[in-house]
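Hi,

Here is the structure I promised to pass on. Have a look at it first, and then read my notes below.

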Amino acid sequence: MGEVCVITSGKGGVGKTTTTANLGASLAALGKSVVLIDADIGLRNLDVVMGLENRIVYHLVDVVEGYCRLAQALIKDKRFENLCLLPAAQTKDKTAVSPEQMRGLCKELAQDFDFVLVDSPAGIEQGFRNAISGANQAIIVATPEVSSVRDADRIIGLLEAEDMRPPRLIVNRLKPAMVKRGDMMDIDDILDILAVELLGVVPDDDSIVVSTNRGEPAVLSASSRAGQAYRDIARRVLGEEVAFMDLDARPGIFGRLRRLFAAGDR
Amino acid sequence: MAGEQWAGIRGVSTRSGVRLWLPEQATFQDAKLALAKALREGPSIRGLAVTLEAGGRPLRVAELRELELLLLEQHGAALLQVIEGAPSETRAPIPIGVIPEGGDDAESGARLSAASAEVGTGARRGRRAHPSPSTARPALPKEAMGLVGSRDLPLSPTATVLVKRTLRSGQRVHFAGNVVVLGDVNPGAEIVAAGDIVVMGTLRGVAHAGATGGEDAIVAAFRLQPTQLRVASYIGRSPDGVSAHAAVPELARVRDGALVVERLMP
Ligand SMILES: Nc1ncnc2c1ncn2[C@@H]1O[C@H](COP(=O)(O)OP(=O)(O)OP(=O)(O)O)[C@@H](O)[C@H]1O
Ligand SMILES: [Mg+2]
């Protein structure tokens with residue numbers, strides 16, 4: 001039985017889809033068989049990030065409604081034999097799928113793949129409920145912003161009521177220079193509140209935007225810093241001990257002074 | 001779904017307590033009755049933290065209070081969080097223990113009265129928060145307390161609920177006695193207690209002690225950094241902007257008509 005891992009965040013636009021694509025591609029590069037499920041029904045874009053949009057014939061809702069067999073809807077990746085995508089429907093609404101159906105689907109896919117990665121929609125409504133229903137583990141993506149961390153905390157609380165292992169965290173879009181100046185939350189601030197295992201830190205990196213537009217996950221580019229971070233994350237997911245990349249993201253002396261002054265302002 | 005059918009499958013245990021589903025019925029009152037019946041017939045949930053699945057029906061504040069009272073008074077269980085928009089499921093109940101302590105003593109009915117003092121706004125660690133006449137409001141409405149509405153609670157006012165977990169954003173504990181948290185209370189989480197509140201970790205959320213008017217109630221925390229603090233009808237909030245906090249255990253109480261924060265151990 002493979003692992004079913006949902007990638008979720010609460011807050012939108014923090015990098016769930018980016019993470020799903022890059023983690024999936026890295027795991028495949030490491031020899032694992034992987035299927036990505038785009039559970040963001042109605043707002044699909046995992047296929048675009050993967051550069052597979054032009055190959056879609058059937059989608060997730062077609063499968064659960066019985067219009068096609070599961071195997072027919074799976075799209076093979078261009079680069080990796082052992083990587084597949086189950087795309088979301090672009091038009092149907094989120095209620096077209098039930099948690100039971102999602103659970104069944106994940107179970108079936110976990111028979112054939114080492115990893116089933118589910119790209120969750122933002123929010124905590126039905127789409128989120130669907131996305132988590134088949135998962136036995138979760139990766140939370142958060143950016144170093146108060147609102148994103150707050151939403152991640154809420155999600156972690158909701159996942160505690162589920163039958164899965166404690167979720168793990170990826171901090172995305174960290175800007176070391178801002179942390180140094182004391183203008184951005186640092187990793188310790190975030191972990192202090194969320195108190196979950198840190199799976200990795202991905203720097204804010206223009207190469208993500210470039211690769212997203214090209215439909216080539218950043219992990220495929222050897223020079224991409226974010227790509228390197230995701231490659232490390234994939235190895236940690238496989239249980240390897242990988243040292244954290246040196247992002248030099250501790251508050252510098254000025255950052256610390258600034259915090260002190262801000263605190264003394266009261 | 002019919003009540004009888006539901007009664008057989010009343011909930012599942014999770015890592016953090018027990019999870020219950022509000023039966024789908026035409027009206028809220030019917031749903032509540034069906035839940036009450038199922039709870040009477042099922043195994044005890046005393047001392048457990050309850051995650052309630054409310055299904056497609058959004059609960060109104062007053063309805064939430066009714067359920068809170070039902071769980072607390074009849075079953076000695078604290079409602080931790082409500083999940084809305086989730087479809088009902090079927091899994092066998094496996095009760096597990098999480099938070100028992102005190103709670104059991106169904107002593108003489110404690111008469112809880114609504115707060116009637118004036119509301120003051122005060123700064124924290126300015127050490128004194130005098131209720132200023134300009135911000136004084138009439139007594140808080142009874143419903144806002146969440147604990148009143150019923151005259152004779154079967155619980156002693158000194159009953160204590162021990163919450164062995166971190167309360168995360170969106171989670172709340174209301175209890176007609178004291179609340180002790182073995183963990184943190186994160187931003188966005190809330191504790192309302194008729195008695196005292198003690199947090200063994202960092203209190204960053206909202207805490208309301210003496211919620212039914214007890215001005216001698218206290219809030220103590222290993223690290224006291226609340227978003228907002230209330231004792232009886234006195235309100236103090238954290239200063240706006242970034243703040244440094246004392247790195248010692250602290251205690252908040254009403255003294256000479258003001259909410260003050262002092263070191264726990266002088
Ligand atoms: N590390 C990064 N550096 C720079 N840009 C990034 C990074 N991660 C994500 N982005 C950009 O942020 C935007 C949102 O990313 P993405 O679509 O992965 O988020 P999401 O959480 O899936 O959003 P949604 O909630 O809408 O599904 C994209 O334009 C992406 O290119
Ligand atoms: Mg997305």
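Helix 1 of chain A gives the largest share of the shell around ligand 1, with 3 residues. Bear in mind that this is a predicted model.

Helix 1 (16–29) is one of several elements of chain A that each supply at least two residues of that shell; the others are strand 7 (168–174), strand 8 (197–203) and helix 10 (206–214). The shell comes to 17 residues, and the closest are A:Lys16, A:Thr17, A:Thr18, A:Asn172 and A:Asp205.

So much for who is there; now the contacts. A:Lys16 has a polar side-chain atom 2.8 Å from an oxygen atom of ligand 1. For A:Thr17, too, a polar side-chain atom lies 2.8 Å from an oxygen atom of the ligand. With A:Pro203 the backbone takes part: one of its polar atoms is 3.1 Å from a nitrogen atom of ligand 1.

How much of ligand 1 does the protein bury? Taken alone, the ligand exposes 630 Å², and 79% of that is buried by the protein. If you want to find the spot by eye, look for the second largest pocket, which is where ligand 1 sits.

**Rings and charges**

I also checked the aromatic rings. How many aromatic pairs are there over all chains? The count comes to 0.

Charges over rings do turn up, though. In chain A, the charged end of A:Arg236 sits over the ring of A:Phe244, 4.0 Å from the ring centre. In chain B, B:Arg223 has its charged end over the ring of B:Phe222, at 4.1 Å from the centre.

Cheers

Terms used:
Residues are numbered from 1 along each chain as its sequence is written. Chains are lettered from A and ligands numbered from 1 in the order in which they are written. This is a predicted model: local features need pLDDT of at least 70, side-chain atom pairs count only at pLDDT 80 or more; totals for chains, interfaces and linings use all residues. Side-chain values use heavy atoms; hydrogens and water are left out. Rings of Phe, Tyr and Trp (its six-membered ring) pair if their centres lie within 6.5 Å; planes under 30 degrees apart count as stacked, over 60 as edge-to-face and the rest as tilted. A charge sits over a ring if NZ of Lys or CZ of Arg is within 6 Å of the ring centre and within 35 degrees of the ring normal. A residue is near a molecule or strand if one of its heavy atoms lies within 4 Å of it. A polar contact is a pair of N or O atoms within 3.5 Å; within protein, one must be able to donate a hydrogen and the other to accept it, and residues adjacent in sequence count only if both atoms are side-chain atoms. Accessible areas come from the Shrake-Rupley method with a 1.4 Å probe; for residues, only the protein chains shown count as cover. On a 1 Å grid over the protein atoms alone, a cavity is a set of points where a 1.4 Å probe fits but cannot get out, and a pocket is an open set with protein on both sides within 12 Å along at least five of seven lines; lining residues have an atom within 4 Å of a point. A molecule sits in a cavity or pocket if more than half of its atoms lie within 2 Å of its grid points. Helices (H or I, at least four residues) and strands (E, at least two) are DSSP runs, numbered from the N terminus.
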